[in-house]
Amino acid sequence: MKDFSINRLKQTPFEVDSIKRSADIVIGDLSGYEIISKGKNIKTRVPEYLYQLILPTDSNYYILFGTTNDMSEVSINEIKKAAETF
C-alpha cells in the first residue's frame, strides 16, 4: 500500500519535495495509508503541505486529498482530522 500511495501522490499537480509523515491507518472498517508531505504547486510554485489518504475496498479505493499553503502544520492537521471522519 505504501508504494501505491506514493505513486498516486506523484500523479497529483504538485511537485513533492519531502514526505514528512506516512503511516498505515484504520478508519472505521477500512485499512489504508496516509501521507503528509511538503511540495509545490506545479503551476504557481507556491509551497504547500499535501495530505493524501487512500482507503482500499474489495473492488476499488477512496482517495481523500487536501492541500494548504499554511506551512505551520495547523491547517494540515485540520485536514487530517476531517479525513479521519470518513
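The model is predicted, so local features need pLDDT of at least 70 and side-chain atom pairs count only at pLDDT 80 or more, while totals for chains, interfaces and linings use all residues. Residues are numbered from 1 along each chain as its sequence is written, and side-chain values rest on heavy atoms, with hydrogens and water left out.

## Salt bridges

Side chains of opposite charge can pair when their charged atoms come close. The whole structure contains 6 salt bridges, each defined by a side-chain nitrogen of Lys or Arg within 4 Å of a carboxyl oxygen of Asp or Glu. The table describes some of these pairs.

| Pair | N to O distance |
|---|---|
| Lys-80 and Glu-84 | 2.7 Å |
| Lys-81 and Glu-78 | 3.5 Å |
| Glu-15 and Arg-45 | 3.1 Å |

Lys-81 and Glu-78 both belong to helix α2 (residues 74-83), where they are 3 residues apart, about one turn of the helix. Lys-81 counts as exposed because its relative accessibility is 51%, whereas Glu-78, at 45%, counts as partly exposed.

Lys-80 is buried, as its relative accessibility is 18%. Together with Glu-34 and Glu-84, Lys-80 belongs to a network of salt bridges.

Where does Glu-48 lie in the fold? Glu-48 is part of strand β3. The residue is buried but has no salt bridge, and the nearest side chain of opposite charge, that of Arg-45, is 10 Å away; here Lys and Arg count as positive, Asp and Glu as negative, and His and the chain ends are not counted. The Glu-48 side chain does make a polar contact of 3.1 Å with the side chain of Thr-67. Such a contact is a pair of N or O atoms within 3.5 Å; within protein, one atom must be able to donate a hydrogen and the other to accept it, and residues adjacent in sequence count only if both atoms are side-chain atoms. Apart from neighbours within four places in sequence, Glu-48 has contacts (heavy atoms within 4.5 Å) with residues including Phe-14, Ser-37, Lys-38, Asn-69 and Met-71.

## Positive phi values

Most residues other than glycine have a negative phi, and most peptide bonds are trans. In Arg-45, however, phi is positive, near 65°. Glu-73, in the loop between β4 and α2, also has a positive phi, near 75°. Glu-73 counts as partly exposed because its relative accessibility is 30%.

## The nonpolar patch and nearby loops

Which residues form the nonpolar patch on the surface? Met-1, Phe-4, Tyr-61, Ile-63 and Phe-65 do so, with about 430 Å² of accessible area together. Accessible areas follow the Shrake-Rupley method with a 1.4 Å probe, and for residues only the protein chains shown count as cover. Patch members have over 30% relative accessible area and no salt bridge; like charges are joined within 9 Å, and nonpolar side chains (Val, Leu, Ile, Met, Phe, Trp, Tyr) within 5 Å. Strand β4 (residues 61-68) contributes the most to the nonpolar patch, with 3 residues. Phe-4 comes from helix α1 (residues 2-9) and is partly exposed because its relative accessibility is 36%.

Asn-60 sits in the loop between β3 and β4 and is partly exposed, with a relative accessible area of 41%. Although 56 residues separate Asn-60 from Phe-4 in sequence, their C-alpha atoms are 13 Å apart. The side chain of Asn-60 also makes a polar contact of 2.5 Å with that of Thr-57.

Gly-28, in the loop between β1 and β2, is exposed because its relative accessible area is 69%. Gly-28 and Ser-59 are 31 residues apart in sequence and 17 Å apart in space, C-alpha to C-alpha.

How values were computed
Helix = DSSP H or I, 4+ residues; strand = E, 2+ residues; numbered from the N terminus. Buried < 20%, exposed > 50% of the residue type's maximum accessible area, 1.4 Å probe, protein only.
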